[in-house]
Amino acid sequence: MEKRTVLWYMTFWEFAIKYMFRMNINIVIVSMMKHSIPKTNVTIIHECLRNIESLKSSNTFAQKSSVDLNDNKFEWNEYQQNLILGAFFTLHVFVQIPGGVLAQRYGTKTVFGFTNGVAAMLSFVIPASAKFNYKALVVVRVVQGLIAGGAWPAMHTMTANWIPVHEKSRFVSAYFGNSML
């Protein structure tokens, strides 16, 4: 397999991963939130019957099975949710020009690898920061977006310097890795 073909596949999957960094919180925030469901007569009767059954049996498994599913969920209001969702993009745009300059100075592999590597490491911090405070989660997402912003210009630098003119349009199709997921 030709080296540029391997580079195409690597670029494709790197952009797919970069897209996941950008969009992951937008998808999972729905299941992170505590949703209140209005109680009807049927749900009240169901809860009463469940409580009676758990009182009748002394089995600890039956008592543990009645745990509320919203215990580990967050009660963020709409403003806080919007801060979290938009945090990634606040400084992301300002790194475009510096990212290209850094790629020209230090090389595309270094800048592209660093931006995706650090953004991946910051993904591991997201659950702990969310449990700590929503503001900590916003800070992590802002830093993640700031660092990940250098990936696009780094790839343009590499495409301009390494890919022959007659193959550039085919190689740039690897950028659509972010659209495939």
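**Contacts along the chain.** I looked up how far apart in sequence the contacting residues lie. Among contacts with a separation of 6 or more, 81% join residues 24 or more positions apart. I note that this is a predicted model.

**Overall make-up.** I counted 10 helices and zero strands in the protein. Read along the sequence, the pattern is α-α-α-α-α-α-α-α-α-α. Of the 181 residues, 35% are buried.

**Helix α1 against helix α4.** How do α1 and α4 pack? Helix α1 covers residues 3-32 and helix α4 covers residues 78-90; their axes are 9 Å apart, at an angle of about 170 degrees. Angles over 145 degrees count as roughly antiparallel, so α1 is roughly antiparallel to α4. I then listed the residues that make the contact. From α1 they are Phe21, Arg22, Ile25, Asn26 and Ile29. From α4 they are Gln81, Ile84, Leu85, Phe88 and Phe89. Sorted by class, this contact has seven nonpolar, two polar and one charged residues.

**Helix α5.** Next I went to residues 96-106, which form α5. Which residues of this helix are buried? I found Gly99, Gly100 and Ala103 buried. Seen down the axis of α5, the buried residues fall within an arc of 100 degrees, so they line one face of the helix. The general rule I keep in mind here is that an α-helix has 3.6 residues a turn, so residues three or four places apart point the same way. On the face of α5 turned away from the buried side I noted the exposed residues Ile97, Arg105 and Tyr106. I also checked what covers the buried residues of α5; the cover includes α6 (108-123) and α9 (151-162). Just after α5, Gly107 has a positive phi of about 100 degrees.

**Arg170.** Last, I looked up Arg170, which sits in helix α10, residues 168-172. Is Arg170 buried or exposed? Its relative accessibility is 56%. The cut-off for exposed is over 50%, so Arg170 counts as exposed.

Definitions and conventions. Residues are numbered from 1 along each chain as its sequence is written. This is a predicted model: local features need pLDDT of at least 70, side-chain atom pairs count only at pLDDT 80 or more; totals for chains, interfaces and linings use all residues. Side-chain values use heavy atoms; hydrogens and water are left out. Helices (H or I, at least four residues) and strands (E, at least two) are DSSP runs, numbered from the N terminus. Buried means under 20% relative accessible area, exposed over 50%, partly exposed in between (1.4 Å probe, protein chains only). Contact means heavy atoms within 4.5 Å. The arc is that of the directions from the helix axis to the C-beta atoms. Axes are lines fitted to C-alpha atoms, for helices over the stretch in contact, and angles run from 0 to 180 degrees between N-to-C directions. Angles under 35 degrees count as roughly parallel, over 145 as roughly antiparallel, 65 to 115 as roughly perpendicular and the rest as oblique. Ala, Val, Leu, Ile, Met, Phe, Trp, Tyr, Cys and Pro count as nonpolar, Asp, Glu, Lys and Arg as charged, and the others, Gly among them, as polar.
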